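Hi,

Here is the structure I promised to pass on. Have a look at it first, and then read on for what turned up in it.

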Amino acid sequence: FENRPAIHAEAHKAGGSVFAARSTQEWQQLDAAHHLHPFSDMGSLNKVGSRVITRAEGVYLWDSDGNKIIDGMAGLWCVNVGYGRKELAEVAYKQMLELPYYNTFFKTTHPPVIELSKLLSEVTPGGFEHFFYCNSGSEGNDTVLRIVHQYWAAVGQPKKRYIISRKNGYHGSTIAGASLGGMDYMHEQMPSQVSNIVHISQPYWFGDGGDLSPAEFGLKCARELEAKILELGAENVGAFIGEPFQGAGGVIFPPESYWPEIQRICRQYDVLLCADEVIGGFGRTGEWFAHQHFGFEPDTMTLAKGLTSGYIPMGAVAIRKKVADALIAGGDFNHGLTYSGHPVAAAVAVANIKILREGGVIERVKNETGPYFQKALREALAASPLVGEIAGAGLVAGMQLTEDKASRKRFANGGEIGLKCRDYCFKNNLIMRATGDRMLLSPPLVINKHEIDEVVEKAAHCIGLTARDLG
Ligand code: PLP
């Protein structure tokens, strides 16, 4: 990507790192002594030591041993504009000097949050004019819950309190986020989740479709929503929430028949349709928002990650006008966070969205790099006995590891095989994620074709090594 300025070269020239260097061993010992990592088994992690990432530029990371690693995951699906964006650093610096913090409670506001809201109203599809801010995707989904309850109370239907979501969906790690999500291991850890949330099946044709065609299976899954609404009583159901494609669940792309049917059902029973766009938003599929790829129109959109490209934490909820109007007319909305609309985060988000918009980044994903990536992956893995399906669009892909391609038979120990493949990637300096028996890629949206070749070659090589081990 031609216009990819490098902050790091300059930062190093200007005096180097913020923290003095230590040896890898020293970093690892201190990390093990004082730091508990998210979603980790600390006992086993501390035995091997974490990889210490020290700097990044473009689509590459460097670790404390000097290894150069290509980031096939854009961090955690978030560094859409790539690493080393000097303009984002400069905006944060200027904003910190001018107004590092002020809140948006108590009848106050500030220019960064106003400019961001105006810009979001321009880049989101028609009908979204209002935005509520928070610090993460999880908080965004907590906010969606509050909005759903507030909305139905405001329009005189306060009984509409059930929210329907999906098994193997991921909506974050706060209590409400985990409750909305359908990850069994998170429910088991804390059984006392938020009430009035129920889950239906995921539209995972490869694993669950049986003899049905993808189109038939998509309709079958969507109609589970209808059955659940009828079971609970439409007068008690407030919303359905789903990721347009499941990210953390394994980059599961639903059959084309799925979302139009979900939308029909939501409209028929007067149920709000909430899209969790935390991964899909800001260009991942080649559209600004992933629901546009699937052709439906949600009432709320949860945003985070690509909103600031991960340079600073920020989340938001985009609220369709009919819902926002009811909230505005409905009196106090008793929800907010100290950092709702944080001025530095908002200023970075504005600069980030301008890079995406004015740099033509998303058009490039749609017309050039996305199709190139999807084709290259399919060609490189066509002959692999291990890859039964490649799902994806734009710059996101999920590769299904399978014991038998023809019958779509899954491995009994698929999770172990995924981790084995991930270990090979680690050794070959590629970041590729394993979710059970699916290998996931989601590189920065500014990746160029040469870098795509590198990701694809390394991914195919590591999947090949894994297949060889299985005999
Ligand atoms: N929703 C989706 C679809 C996500 O993928 C994630 C995180 O991966 C979240 C919500 C939670 O976001 P956060 O980790 O910023 O709280």
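Predicted model: local features only at pLDDT ≥ 70, side-chain atom pairs only at ≥ 80, totals over all residues.

Which residue takes a positive phi in the hairpin of strand 1 and strand 2? It is Gly58, with a phi near 65°, in a hairpin that has two residues between the strands.

Strand 1 covers residues 53-57 and strand 2 covers residues 60-63, and the two pair in the antiparallel sense over four bridges. If you want a spot to check, Glu57 stands opposite Tyr60. Strand 2 also pairs with strand 3 (residues 68-71), again antiparallel, over three bridges. Here Trp62 stands opposite Lys68. Strand 2 and strand 3 make a hairpin too, with four residues between them, and Gly66 in that turn has a positive phi of about 85°.

Now zoom out. The protein has 18 helices and 15 strands. Its C-alpha trace spans about 60 × 60 × 45 Å along the principal axes. A compact globule of 471 residues would have a radius of gyration near 23 Å, and the protein has 22 Å, so the two agree. Of those 471 residues, 47% count as buried. And if you take the contacts with a separation of 6 or more, 72% of them come from residues 24 or more positions apart.

What about the inside? The largest nonpolar core has 123 residues, and Phe240 and Ala316 touch the most other members. Helix 15 (residues 343-358) supplies the largest share of this core, with eleven residues. Leaving aside residues up to four places away in sequence, Ala316 touches Phe131, Phe132, Tyr133, Cys134, Gly140, Leu303 and Leu307.

Next, go to strand 15 (residues 438-441). Is it covered on one face or on both? Both: Arg438 and Leu440 are buried on one side, and Met439 and Leu441 are buried on the other. Strand 15 has antiparallel partners, including strand 12 (residues 396-401), which pairs with it over four bridges. In that pairing, Gln400 has Arg438 as its bridge partner. Strand 14 (residues 433-435) is also antiparallel to strand 15, over three bridges, and Ala434 stands opposite Met439 there. Strand 14 and strand 15 form a hairpin with two residues between them, where Gly436 in the turn has a positive phi of about 60°.

One last stop: Lys107, in the loop between helix 5 (86-98) and helix 6 (111-123). Is Lys107 buried or exposed? It counts as exposed, because it has 5 C-beta neighbours inside 10 Å, and the cut-off for exposed is 12 or fewer.

Happy exploring!

Technical notes: Residues numbered from 1 in each chain as written. Pairing = 2+ DSSP bridges. Core = buried A, V, L, I, M, F, W, Y, C linked by C-beta atoms within 7 Å. Buried ≥ 20, exposed ≤ 12 C-beta atoms within 10 Å, placed from the backbone. Contact = placed C-beta atoms within 7 Å. Rg over C-alpha atoms; globule rule 2.2 N^0.38 Å.
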